[in-house]
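The following report describes selected features of one protein structure. Please consult the sequence and the coordinates shown here alongside the text.

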Amino acid sequence: MDLKTLAAHLKLSQTTVSRALNGYADVSAATRARVVQAAAELGYEPNPVARNLALGRANAVGIVYPIEVDDVADPRFLEVVSGITEALSESNVDLFLVSATHHGELETYSRLIQSRRVDGFVLARTLVDDPRIDFLQQSGVPFLGYGRTAHCEDYPWFDFDNAEGSVLAVERLVSLGHRQIAYIHASLHYNFAYQRHEGFVRGMQQAGVPLRNEWMIQAALSQCAGYEAMIKLLEQPELPTAVFIDNNLAGVGAIGALVDRGLTIGKDISIIVYDGVPPDSLLTKSGMKVTSVIQPTQQRAGDSMAALIHRVLRREEVPMTELQVLCQPALLPGDSDGVVG
């Protein structure tokens, strides 16, 4: 039975029946009870799409990313997206990945909001100063930051202690006797890169190890950029004994450069990669385990973020700190670093 048939049976308008079934206060208690009883007796089942439209719900959450960004090539990002998708699907909520141009990102958010295609957003790869945060706060649309910004006190987020991860990497290398440590990092307008950079500097200072500007190289989030950054290091008059790389995309490229130059990783030069390298890389296929700063599995991260998303969509009136989760990293030893020879 559909809504039209139920309304005809009750001799009421479809609008009245719909509003009664959805609990609107402008329908009297007696009419609402009559409609609900008839719906149960006649086996009426509401159309879920129509019901969501009536309630203003899309049962979907969106992630907008610029097509220039290499997120789609980042296995860690896709693993977390997969984890969120799986967790949300248990509540019949979809996760939409929506591409956008780098300069038209806010326009994409605006179109999605106006068309009501999503109920809220997950903001991936947050910036130190992120205009998306201000835009969504002014729009009044629920959102969850997948990462923080420089000022993150007044919105919900899920993040990792990126600075602490870098400190762990430096402590590991120093414990192996390294004092000539280079650093390859992503652009510091990304907040994760800014935090990891801050942690690297802090770890080096705490260990009393000098920072050398020529050994701190910025590289784009891609394998090619990581390869070029490592070649730049290898062409310097004095070589570092160890390199810490702040993301897995550049890490794969940097390791490729070492292999092409015939260097023995872990002996000629030590390497630590934040988030490790994908299991299908040439290095891991050879049996070598890359020493890595690791974070919660995609399933744990996805479950945690999905739970936060549900709370954000419900607009729970709780202290903001209850909607902010910071996970701690750990260091996973491997074969790619060793004692200074």
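## Cysteines

Cysteine 327 is buried, since its relative accessible area is 14%; buried means under 20% relative accessible area, exposed over 50%, and partly exposed in between, with a 1.4 Å probe and protein chains only. Cysteine 224, by contrast, is exposed at a relative accessible area of 56%.

The structure holds zero disulfides, a disulfide being a pair of cysteine sulfur atoms within 2.5 Å. Cysteine 327 accordingly takes part in no disulfide, and the nearest cysteine sulfur, that of cysteine 152, lies 14 Å away.

## Basis of the model

This is a predicted model, in which local features need pLDDT of at least 70 and side-chain atom pairs count only at pLDDT 80 or more, while totals for chains, interfaces and linings use all residues. Residues are numbered from 1 along each chain as its sequence is written, and side-chain values use heavy atoms, with hydrogens and water left out.

## The parallel sheet

Six strands form an open sheet with parallel pairing, in the order β2-β1-β3-β4-β5-β11. Strands (E, at least two residues) and helices (H or I, at least four) are DSSP runs numbered from the N terminus, and two strands pair if DSSP finds at least two bridges between them.

Leucine 123 stands opposite glycine 145 in β4.

## Packing of α1 and α2

Helix α1 (residues 3–10) packs against helix α2 (residues 14–21) at an angle of about 105°, with the axes 9 Å apart. The two helices are therefore roughly perpendicular to each other, a term that covers angles of 65 to 115 degrees.

Leu3, Lys4, Leu6, Ala7 and Leu10 in α1 meet Gln14, Val17, Ser18 and Leu21 in α2, where contact means heavy atoms within 4.5 Å.

Glutamine 223 belongs to helix α10 (residues 223–234) and counts as partly exposed at 44% relative accessibility. Its C-alpha atom is separated by 8.5 Å from that of asparagine 248, 25 residues apart along the chain. Leaving aside neighbours within four places in sequence, glutamine 223 is in contact with Leu249, Val252 and Gly253.

Conventions
Axes fitted to C-alpha atoms, helices over the stretch in contact; angles between N-to-C directions. Parallel < 35°, antiparallel > 145°, perpendicular 65-115°, else oblique.
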